Amino acid sequence: ENMQINSLASELYRFVQDDCKNFIDKAEKQKDKYDLIILDPPSFSNSRKTEHTFNVQRDHTAYIIQCSRLLQKDGSIVFSTNLSTFNLQKQLLKGFKIEEITYDTIPPGFSKKRLPHKCWVIRKH
C-alpha cells in the first residue's frame, strides 16, 4: 500500500514476510543477487518461529558476511541497529569497506547526543 501511495508499485519489487535467517538461507541456496540489502535487525529476538535466539551484538558479523554473499559485484549493505551500546566488530569484517553514516540518517528533531540508532554502509573490497 505504501509503495502504491508513492507511485512505486511495480513488478520490480517484491515484499516478503519471513524470518530474516530463513530468507537469507533461501536466497543463498537460490543464488539470488541484490544491489542493495537493508539489514536492520532487532536488538534481540527469541521468537518461537526459530530454533535460536538472536542477539545483534553477538550475531551481526555472521549476518553481514552471509548477506555479502548475496550482493552483486558493486552492491552494498546498509546495516542499522537501535542498540545504544552496540559496537560494530570491524576486526571481524576484514575485506569490507565500512563507512559509518549514522549522523546522515538521524531524522530532524532527534538529539545527536543520544543517538536513536547507528548505521553503516558496508561494501566488499
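**Exercise 1. How many helices and how many strands does the protein have?**

Solution. This is a predicted model, in which local features need pLDDT of at least 70, side-chain atom pairs count only at pLDDT 80 or more, and totals for chains, interfaces and linings use all residues. Residues are numbered from 1 along each chain as its sequence is written, and side-chain values use heavy atoms, with hydrogens and water left out.

Step 1. Helices (H or I, at least four residues) and strands (E, at least two) are DSSP runs, numbered from the N terminus.
Step 2. The protein has three helices and six strands.
Step 3. From the N terminus on, their order is α-α-β-β-β-α-β-β-β.
Step 4. The C-alpha trace spans about 40 × 35 × 35 Å along its principal axes.

**Exercise 2. Work out the order of strands in the open sheet and name its edges.**

Step 1. The order of the four strands is β1-β4-β6-β5, with mixed pairing. Two strands pair if DSSP finds at least two bridges between them.
Step 2. β1 and β4 pair in the parallel sense over five bridges; L36 has S76 in β4 as its bridge partner.
Step 3. β4 (residues 71-81) and β6 (residues 118-124) are paired in the antiparallel sense, also over five bridges. Here F79 is the bridge partner of W120, and I77 that of I122.
Step 4. β1 (34-39) and β5 (96-100) each have a single partner strand, so one side of each is left without a neighbour in the sheet; these are the edges.
Step 5. From one strand to the next, the twist averages 20°. Axes are lines fitted to C-alpha atoms, for helices over the stretch in contact, and angles run from 0 to 180 degrees between N-to-C directions.
Step 6. Helix α3 packs on the sheet, touching β1, β4, β5 and β6, and its direction makes about 165° with that of β4.

**Exercise 3. Describe how α2 and α3 meet.**

Step 1. The axes of α2 (residues 20-29) and α3 (residues 56-68) come within 10 Å and cross at roughly 30°.
Step 2. α2 is therefore roughly parallel to α3, a label for angles under 35 degrees.
Step 3. The crossing is left-handed, meaning that the near helix is turned anticlockwise from the far one by less than a right angle.
Step 4. On α2, the residues involved are C20, K21, I24, D25 and E28; on α3 they are Y63, Q66 and C67. Contact means heavy atoms within 4.5 Å.
Step 5. By class, this contact has four nonpolar, one polar and three charged residues.

**Exercise 4. What lies at the start of α2, and which residue follows the helix?**

Step 1. At the start, a side-chain oxygen of D19 reaches to within 3.1 Å of the backbone nitrogen of K21.
Step 2. K31 follows α2, and its phi is positive, near 60°.

**Exercise 5. Which residues is Y34 in contact with, leaving aside its neighbours within four places in sequence?**

Step 1. Y34 lies in strand β1.
Step 2. With those neighbours left aside, the contacts of Y34 are R14, F23, A27, L70, L71, Q72 and G75.
Step 3. Y34 and R69 are 35 residues apart in sequence, and their C-alpha atoms are 9.5 Å apart in space.

Key. Parallel < 35°, antiparallel > 145°, perpendicular 65-115°, else oblique. Nonpolar A, V, L, I, M, F, W, Y, C, P; charged D, E, K, R; others polar. Polar contact = N/O pair within 3.5 Å; in protein donor to acceptor, adjacent residues only side chain to side chain.
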